[in-house]
Amino acid sequence: MALPARRINGLFVGIFFLGGALGSALAGTAWDFGGWVAVCAAAAGFGAVALITGLAERR
């Protein structure tokens with residue numbers, strides 16, 4: 001049974017909010033740990049994970 005569009009949209013918005021909250025918490029923690037260098041390293045780490053998983057899915 002397919003979900004109605006409003007439920008899918010609500011799920012999308014909820015997951016998007018949780019991701020934003022998690023990203024903000026991680027950035028704040030990284031800032032406390034090492035300032036801009038740690039924040040940029042965390043962002044680069046997430047980018048690397050996204051690249052690796054994207055390349056792995058292509059196979």
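User: Which helix does F12 lie in?
Analyst: F12 lies in helix 1, which covers residues 5-58. Keep in mind that this is a predicted model.

User: Is F12 buried or exposed?
Analyst: F12 is exposed. Its relative accessible area is 52%, and the cut-off for exposed is over 50%.

User: What surface patch is F12 part of?
Analyst: A nonpolar one of about 350 Å². F12, V13 and F16 make it.

User: How many aromatic pairs are there in the whole structure?
Analyst: A search finds 2. In one of them, the ring centres of F12 and F16 are 5.7 Å apart. Their planes are at 35°, so that pair is tilted.

User: How many residues apart are F12 and F16 in helix 1?
Analyst: They are 4 residues apart, so about one helical turn separates them. F16 is exposed, as F12 is.

User: And which residues form the edge-to-face pair?
Analyst: W31 and W36. Their centres are 5.3 Å apart, with 85° between the planes.

User: How exposed are W31 and W36?
Analyst: W31 is partly exposed, at 43% relative accessible area. W36 is exposed, at 59%.

User: New topic. Where does helix 1 bend?
Analyst: At G34, by about 135°.

User: What does helix 1 span between its end C-alpha atoms?
Analyst: Only 29 Å. A straight helix of 54 residues would span 80 Å at 1.5 Å a residue.

User: Last one. Which residues of helix 1 are buried?
Analyst: The buried ones are A30, G35, A38 and V39.

Key: Residues are numbered from 1 along each chain as its sequence is written. This is a predicted model: local features need pLDDT of at least 70, side-chain atom pairs count only at pLDDT 80 or more; totals for chains, interfaces and linings use all residues. Side-chain values use heavy atoms; hydrogens and water are left out. Patches are made of residues with over 30% relative accessible area and no salt bridge: like charges are joined within 9 Å, nonpolar side chains (Val, Leu, Ile, Met, Phe, Trp, Tyr) within 5 Å. Accessible areas come from the Shrake-Rupley method with a 1.4 Å probe; for residues, only the protein chains shown count as cover. A salt bridge is a side-chain nitrogen of Lys or Arg within 4 Å of a carboxyl oxygen of Asp or Glu. Helices (H or I, at least four residues) and strands (E, at least two) are DSSP runs, numbered from the N terminus. Buried means under 20% relative accessible area, exposed over 50%, partly exposed in between (1.4 Å probe, protein chains only). The expected span of a helix is 1.5 Å times one less than its number of residues. The bend at a residue is the angle between axes fitted to the seven residues ending there and the seven starting there. Rings of Phe, Tyr and Trp (its six-membered ring) pair if their centres lie within 6.5 Å; planes under 30 degrees apart count as stacked, over 60 as edge-to-face and the rest as tilted.
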